[in-house]
Amino acid sequence: MRNDVERRQRWMAVLARASCQELEQAYSELPNAPAYVCLRPAESGLVLVRGQAGEAGTSFNVGEVTMTRCALKLTDGTTGFAFILGRDQRQAELAALFDALLQRGDETASATLKVISEFERAQSLRRDLKSRKAASTKVDFFAMTQAREAE
């Protein structure tokens, strides 16, 4: 059971970070578009983001961000949920749809899992590129202090 929860958390995180274009592309490649009913149509609102100073530091309010959520049910009764940052209601609806599809044990679920792996790989590459760009601008103040002391 724990593995199922962790797997679902992983794919929901990947879906939340996927762009609407990526989700639309994956949706268009589905063999047959599944029918669904919106239990809670996509709606946007604000959520409070909290931070923590260090591992044992006290929590503090960082600010508010816009979030969109959606809940839907496939015709077979499988329910999908999505929470994304931003206001893109179509992105939230597609993410919820893919969440529902991934819970099923059929060939659509296994094909969708491959798409999730591709999304995850692309997100990892973008994160690495961003980290390398940030690292290239890093200034080592310790080295500058050592050089000044040597003068």
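Does Glu22 count as buried or exposed, and at what relative accessibility? Glu22 counts as buried, because its relative accessibility is 18%. Buried means under 20% relative accessible area, exposed means over 50%, and partly exposed lies in between, with a 1.4 Å probe and protein chains only.

This is a predicted model, in which local features need pLDDT of at least 70 and side-chain atom pairs count only at pLDDT 80 or more, while totals for chains, interfaces and linings use all residues. Residues are numbered from 1 along each chain as its sequence is written, and side-chain values use heavy atoms, with hydrogens and water left out.

Start with helix α2, where Glu22 lies. Helices (H or I, at least four residues) and strands (E, at least two) are DSSP runs, numbered from the N terminus. Glu22 touches Phe119, Ala122 and Arg126, leaving out residues up to four places away in sequence. Contact here means heavy atoms within 4.5 Å. Leu23 has its own set of partners. With residues up to four places away in sequence not counted, Leu23 touches Leu15, Ala18, Gln91, Leu94, Ala95, Phe98 and Phe119.

Now look at how the helices pack. Two packed helices are described by the angle between their axes and the distance between the axes. Axes are lines fitted to C-alpha atoms, for helices over the stretch in contact, and angles run from 0 to 180 degrees between N-to-C directions. For α2 and α3, the angle is about 45° and the axes are 9 Å apart. That makes α2 oblique to α3. Angles under 35 degrees count as roughly parallel, over 145 as roughly antiparallel, 65 to 115 as roughly perpendicular, and the rest as oblique. The crossing of α2 and α3 is left-handed. A crossing is left-handed if the near helix is turned anticlockwise from the far one by less than a right angle, and right-handed if clockwise. On the α2 side, the contact is made by Cys20, Leu23, Glu24, Ala26 and Tyr27. On the α3 side, Arg90, Gln91, Leu94, Ala95, Leu97 and Phe98 take part. These residues divide into 8 nonpolar, 1 polar and 2 charged. Ala, Val, Leu, Ile, Met, Phe, Trp, Tyr, Cys and Pro count as nonpolar, Asp, Glu, Lys and Arg as charged, and the others, Gly among them, as polar.

Helix α3 also meets α1 (residues 2-17). Their axes come within 10 Å and cross at roughly 155°. The two helices are therefore roughly antiparallel to each other. Their crossing is right-handed. Arg8, Trp11, Met12, Leu15 and Ala16 of α1 make the contact with Gln91, Ala95, Phe98, Asp99, Leu102 and Gln103 of α3. By class, that contact has 7 nonpolar, 2 polar and 2 charged residues.

Next comes the core. A nonpolar core is a set of buried Ala, Val, Leu, Ile, Met, Phe, Trp, Tyr and Cys residues joined through side-chain atoms within 4.5 Å. The largest one has 25 residues. Leu15, Leu23, Leu97, Phe98, Leu101, Ile116 and Phe119 touch the most other members. The elements that give two or more residues are α1, α2 (20-28), β2 (59-74), β3 (79-85), α3 and α4 (107-136). Helix α3 gives the most, with 9 residues.

Glu93 lies in α3 (residues 89-103). Glu93 counts as buried, because its relative accessibility is 18%. Leaving aside neighbours within four places in sequence, Glu93 is in contact with Tyr36, Cys70 and Leu72. Thr68 lies in strand β2. At 0% relative accessibility, Thr68 counts as buried. Beyond four places in sequence, Thr68 touches residues including Ala42, Glu43, Phe83, Arg87 and Ala92. Ser117 is in helix α4. Ser117 is partly exposed, with a relative accessible area of 28%.
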